[in-house]
Amino acid sequence: MKEEDITDEIRFRTARSGGKGGQNVNKVETMVEGLFDIRGSRLLDETEKITLEEKLKSRINKEGFLHVRSQAARTQLGNKERVIEKINTLIRTALEPEVPRKPTKPPPAVKQKRLREKKLLSEKKENRRKDWE
């Protein structure tokens, strides 16, 4: 995805949010939901759309919209900015290529220590045995 502004492609909905705000909370719609249509986006190519749908499937609804909401700020504008920031972050991190894990071997000193401890435990148990002969 090119570094372009996706704000034009986000659909916003507002609702009353709970939490702080006193009397204001009952009459002002400060909670903001952002819906980003992954399949209908003009900024993403097909491979990016597939990648996003796989990696963000828990946040995508049945219609294929990436669903993010915020009600942390006391103002609608503050929550709208948070939603935009969250969507940008989610998309950016989901599109980062995964670095393959390089398998590592335990160092020789660790192997030796393990074998030494194993041998000591074995000797301790051997010393507990009674001679039956």
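A salt bridge is taken here as a side-chain nitrogen of Lys or Arg within 4 Å of a carboxyl oxygen of Asp or Glu. The model is predicted, so local features need pLDDT of at least 70 and side-chain atom pairs count only at pLDDT 80 or more, while totals for chains, interfaces and linings use all residues. Residues are numbered from 1 along each chain as its sequence is written, and side-chain values use heavy atoms, with hydrogens and water left out.

Please select E9 and R42 to begin. These two residues form a salt bridge, with their closest N and O atoms 4.0 Å apart. E9 lies in the segment before strand 1 (10–15) and R42 in the loop between strand 2 (31–37) and helix 1 (46–55), so the pair ties together parts 33 residues apart in sequence. Helices (H or I, at least four residues) and strands (E, at least two) are DSSP runs, numbered from the N terminus. E9 is buried, at 14% relative accessibility, whereas R42 is exposed, at 69%. Buried means under 20% relative accessible area, exposed over 50%, and partly exposed in between (1.4 Å probe, protein chains only).

Next, select R69 and E33, whose side chains meet in a salt bridge at 3.6 Å, N to O. R69 belongs to strand 3 (residues 65–70) and E33 to strand 2, so this pair ties together parts 36 residues apart in sequence.

Finally, select E98 and K55, another salt bridge, at 3.6 Å from N to O. E98 is exposed, at 66%, and K55 is partly exposed, at 36%.
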